[in-house]
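User: I am new to this structure and would like a guided look at it. Please begin with whatever term I need first.

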Amino acid sequence: MLHSISDRSLVSRFGISPWSSTSNRKSDAVYLYLEEQIIVGALKPGEAIAEQTVADACDCAQGTVREALLKLQQSGLVVRHDYKGTRVAGISRAEAVEIVKIRMQLEEQAGRMIASNISSETRDRLFEILDAMCQAADDNEVFLCSAYDRLFHATLFRQANLRGLEPILERCALHMHRVTLSHRDIPLNGADIHEKHIAIIETHCNGTPEEAANAARGHVSFLFDRWMSEHTFLSLSI
C-alpha cells in the first residue's frame, strides 16, 4: 500500500514526521514505498524493479517512479543500469561491518561533544520521538519505527554541529536497519526499545563525555552482535 509522507496514522497522532521532507511530491511517496519494501525485505537483493509495475501500483507516471529510483540509487539501495534496468542492491557482511564502524565512530564522537550540554527543548524532543518510536513498534509498524529511530539518532547527532557528516550517519543507519529488519522474524518490542533509548538520553543529557560515548558505542554494538550474524547475509548478498 502506498503511503504519502503525511498520512501515516502515528505521524498524525504524534504530530512528528520522521522524514525530513515535508513536500507532497508523489515521487517522495513512491520513494518511501520502495524504501519500505527493501528495508523490511519484501524486495530482495538482486530483484528487478520494473518502472511500469511500480507506476501501476502507485497510480503515477513512470517519470515519477524514475525520480524515486534515482533517489534510491543515491541512498545505495538500488543499482541502475541503462540497459538492464533497476535491481535491489545487495550488501555483504564486510560492507556492513565497515558501516557499523563508521556509525560507531561518528556517534561516539558526537556523544563526547554534546554530553551534559543538551537543551531541555532537545531533551523533550527526544522523548517525543521515543514515544512515537515505541508506539510504532507496538503497532508493528516496522518501517515507521525504523524511521523514528533514525530521527532520534539524527536529532542527537545534530547537537554536535557536524553538519557535513549528518548524511553519512543517516546512510549508515539506513543500511543497518536494512540488515537488522529485513530478516527479523519476531515482533518489535516497544518496552525494550524504550529501555535502551532512555539510557542514551540520560547519559547524553547528564553523563560525562566518556559515559555518553560508551552508551553510543554499546547501543550500536548490541545491534551488531544480535542481528548481524553470518547467516543474515546469506539472503542479502548477490
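Analyst: Two residues are in contact when heavy atoms of theirs lie within 4.5 Å. With that rule, and leaving out residues up to four places away in sequence, K71 touches D28 and Y31.

User: What kind of model is this, and how are the residues numbered?

Analyst: The model is predicted; local features need pLDDT of at least 70 and side-chain atom pairs count only at pLDDT 80 or more, while totals for chains, interfaces and linings use all residues. Numbering starts from 1 along each chain as its sequence is written, and side-chain values use heavy atoms, with hydrogens and water left out.

User: Back to K71, then: which helix holds it?

Analyst: K71 belongs to helix α4. Helices here are DSSP runs (H or I, at least four residues), as are strands (E, at least two), and both are numbered from the N terminus.

User: How far apart are K71 and D28, in sequence and in space?

Analyst: In sequence, 43 residues separate K71 from D28, and their C-alpha atoms are 9.1 Å apart.

User: What about the protein as a whole: what share counts as buried?

Analyst: Of its 238 residues, 48% count as buried. Among contacts with a separation of 6 or more, 77% come from residues 24 or more positions apart.

User: How many helices and strands are there?

Analyst: There are ten helices and three strands. Read from the N terminus, the elements run α-α-β-α-α-β-β-α-α-α-α-α-α.

User: How do α2 and α4 pack?

Analyst: Helix α2 (residues 26-39) packs against helix α4 (residues 62-74) at an angle of about 55°, with the axes 8 Å apart. Axes are lines fitted to C-alpha atoms, for helices over the stretch in contact, and angles run from 0 to 180 degrees between N-to-C directions. That angle makes α2 oblique to α4; angles under 35 degrees count as roughly parallel, over 145 as roughly antiparallel, 65 to 115 as roughly perpendicular and the rest as oblique.

User: Which residues make that contact?

Analyst: From α2 they are K26, S27, D28, V30, Y31, L34 and E35, and from α4 they are T64, V65, E67, A68, L69, K71 and L72.

User: Now α7 and α8: how do they pack?

Analyst: Their angle is about 150° and their axes are 10 Å apart. The helices α7 and α8 are therefore roughly antiparallel to each other. On the α7 side, V142, S146, D149, R150, H153, F157 and R158 meet E166, L169, E170, A173, L174, H177 and L181 in α8.

User: What about the loops around α7: where do N140 and N161 sit?

Analyst: N140 lies in the loop between α6 (120-138) and α7 (142-158), and N161 in the loop between α7 and α8 (166-181). N140 has a phi near 60°, a positive value in a residue other than glycine. For N161, also a residue other than glycine, phi is positive too, near 55°.

User: Let us turn to the sheet: in what order do the strands come?

Analyst: The three strands form an open sheet in the order β1-β3-β2, with antiparallel pairing. Strands β1 (48-49) and β2 (78-81) are the edges, each pairing on one side only. Two strands pair if DSSP finds at least two bridges between them.

User: How many bridges link β2 and β3?

Analyst: Four bridges join β2 to β3 (residues 85-88), in the antiparallel sense. H81 has G85 of β3 as its bridge partner, and R80 stands opposite T86 in β3.

Methods:
Buried < 20%, exposed > 50% of the residue type's maximum accessible area, 1.4 Å probe, protein only.
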